[in-house]
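Hi,

Here's the structure I said I'd pass on.

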Amino acid sequence: LVAQDERRILVESLSEQKSQAEQLNEKLVGEIKERTRAEGELRKMHQELESRVESRTTDLVRANELLEAQVRERMRTEIRLRESEERYRRLVDLSPLPISIYTDGIIVIVNSAAVEAMRAKNPDELIGRHVRDLVEPEVWEQATRRISEMFERWEPAPGIEVPVLRAEGATGWAEICSAPIMYKGQPSIMVIALDVTERKQTEERLKANLKRPCAMGIRSLKS
């Protein structure tokens, strides 16, 4: 009987151990499956992240290349613009006609012929001055309207004769031809001002001389 009880106890113990081992094995298998699934998801997320980083890197490289190309093109454009402005400035300086350019009403360029016509000592006496300081108030009002029309139509304005105030303070006459241009990236006005002071004075003397005989004749008739 003792031997049978021992065998029964041993069998029950082994059976219990087997059951525990099977339960533990099931847990291990479940954990292994869960870990395998988690590792798979982790690899997938890692691959997706690498793909996004690679795509983002490619986009950044392309954007950087595009930006560099734009910067190079802008530099080339600025160089061409400076060269064009230098050529334009040389042509203005060499012109025998009095030429000036002003932006927002401020004189920015005058050539030697314009300096001479305005009786200035050098360009510095004119550059930086506002155009309204060189004409009568009513003339400036007319000029303002002409400037607005030129910018609106982007066409040259018809020539006109206006009184101008020279650098030394005397008043002269100029035939003004003006046109809108772009100077250093800003809308500006180029003016060619021909000095017609002597002609206007001659015309005034002729008019006075013509009036004198008429006045003398009228006085003779009255007498």
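This is a predicted model: local features need pLDDT of at least 70, side-chain atom pairs count only at pLDDT 80 or more; totals for chains, interfaces and linings use all residues.

Below is what turned up on the sheet and the salt bridges.

Residues are numbered from 1 along each chain as its sequence is written, and side-chain values use heavy atoms, leaving out hydrogens and water.

An open, antiparallel sheet is built from five strands, ordered β2-β1-β5-β4-β3 (strands are DSSP E runs of at least two residues, helices H or I runs of at least four, both numbered from the N terminus; pairing takes at least two DSSP bridges). β2 (106-110) and β3 (157-165) sit at the edges with a single partner strand each, so one side of each has no neighbour in the sheet. Between β4 (residues 171-183) and β5 (residues 186-195) there are 10 bridges, and S178 has V191 in β5 as its bridge partner.

On to charges: the structure has eight salt bridges (a Lys or Arg side-chain nitrogen within 4 Å of an Asp or Glu carboxyl oxygen). E34 and R37 pair up at 2.2 Å between the closest N and O atoms; both are in helix α1 (residues 2-94), three residues apart. R119 and D195 come to 3.8 Å; R119 is in the loop between α2 (112-117) and α3, D195 in β5, so this pair ties together parts 76 residues apart in sequence. E161 and K200 meet at 3.6 Å, N to O, linking strand β3 to helix α4 (residues 197-222). Those two also belong to a salt-bridge network with R199 and E203.

Cheers
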